[in-house]
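Hi everyone, thanks for coming. Please take a look at the structure on the screen, and I'll walk you through it.

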Amino acid sequence: MDSAPPARPTVRPSGPAPVLRPGDVPERLDAEGLVVRRWRAGEAGARYRMITASFAHLHPWMGWADRLPTEPEHAERFARSLAWPNAGGSYAFGVFAADDRTPLGMVGLHDQRGGGAVEIGYWCHVDHLGRGVATRAARALTGLLTGLPAVERVEIRCDEANLRSAEVARRLGYRLERIEEDGVRAPAESGRGMVWVKERPAP
């Protein structure tokens, strides 16, 4: 289970310039038997059912899951997430089984840090934990990002107590760059944030 943060408030134009350029992020990737793709307009209900089923699993770790949204609230949030990228510089993907219909989780790219850095966030449907869903999806996005000339580093950030998130980063060969005090945003968090990094390979 892992953190795909929701759309943050926009940091444009006063914040860091975006790293990703138009056309850098495809709408679909294959991920070792999974499909990682942009959500479609008719899938709000499927995503809401996934969040509802996984809410008790998400609530301890994710600030956006402080309460279960109503279906209309989720529909509004979902509509905003269809932008590519959204106003805050995020690209929201669904993770689907090979049938391209069964949602297994979510993963996002967050282009808000500048300095050549792009962040990956992820979480898995509670019924599909332990099957490598988050790892495979994050691996596909990591491979995409480290192949882009404008991206110098990819980051995964999670609370020190979130062992599942940290294990995904470790499994994918990210290095733990630092642990920093970053506040408690969800009930199970320690307030100590881990910053995992993978640099783009040298040419």
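Let me start with a question: which residues point one way from E3, and which point the other way? Ser 90, Ala 92, Gly 94 and Phe 96 point one way, Tyr 91, Phe 93 and Val 95 point the other way, and all are buried. Buried here means under 20% relative accessible area, with exposed being over 50% and partly exposed in between, using a 1.4 Å probe and protein chains only. As a general point, side chains in a regular strand alternate between the two faces of the sheet.

Before going on, a word on where this comes from. This is a predicted model, where local features need pLDDT of at least 70 and side-chain atom pairs count only at pLDDT 80 or more, while totals for chains, interfaces and linings use all residues. Residues are numbered from 1 along each chain as its sequence is written, and side-chain values use heavy atoms, leaving out hydrogens and water.

Helix and strand names follow DSSP runs numbered from the N terminus, with helices being H or I of at least four residues and strands being E of at least two.

Now the sheet. It is open, has 8 strands in the order E1-E2-E3-E4-E5-E6-E8-E7, and its pairing is mixed. Two strands count as paired if DSSP finds at least two bridges between them. Strand E1 (28-31) and strand E7 (175-181) stand at the edges with a single partner strand each, so one side of each has no neighbour in the sheet.

Let's go back to E3 and look at its neighbours. On one side, strand E2 (residues 34-38) runs antiparallel to E3 (residues 90-96), and 4 bridges join them. Here Val 36 stands opposite Val 95, and Arg 38 stands opposite Phe 93. E3 is also joined to E4, again antiparallel, by 7 bridges. In that pair, Phe 93 has Val 107 as its bridge partner, and Val 95 stands opposite Gly 105. These two strands form a hairpin with 6 residues between them, and Asp 100 in the turn has a positive phi of about 65 degrees.

How many residues of strand E4 (residues 103-110) are buried? It is 8 of the 8, so E4 is largely enclosed by the rest of the structure. E4 pairs with strand E5 (residues 117-124) in the antiparallel sense over 6 bridges, and Val 107 has Tyr 122 as its partner there. That hairpin has 6 residues between its strands, with Gly 114 in the turn at a positive phi of about 70 degrees.

Some of these names come back in the core. A nonpolar core is a set of buried Ala, Val, Leu, Ile, Met, Phe, Trp, Tyr and Cys residues joined through side-chain atoms within 4.5 Å. The largest one has 39 residues, and those with the most contacts inside it include Phe 93, Val 107 and Tyr 122. Helix H3 gives the most to this core, with 8 residues. Apart from it lies another core of 16 residues, among them Ile 51 and Phe 55.

Last stop, helix H4 (residues 163-171). Its buried residues are Ser 165, Ala 166, Val 168 and Ala 169. Just after H4, Gly 173 takes a positive phi of about 85 degrees.
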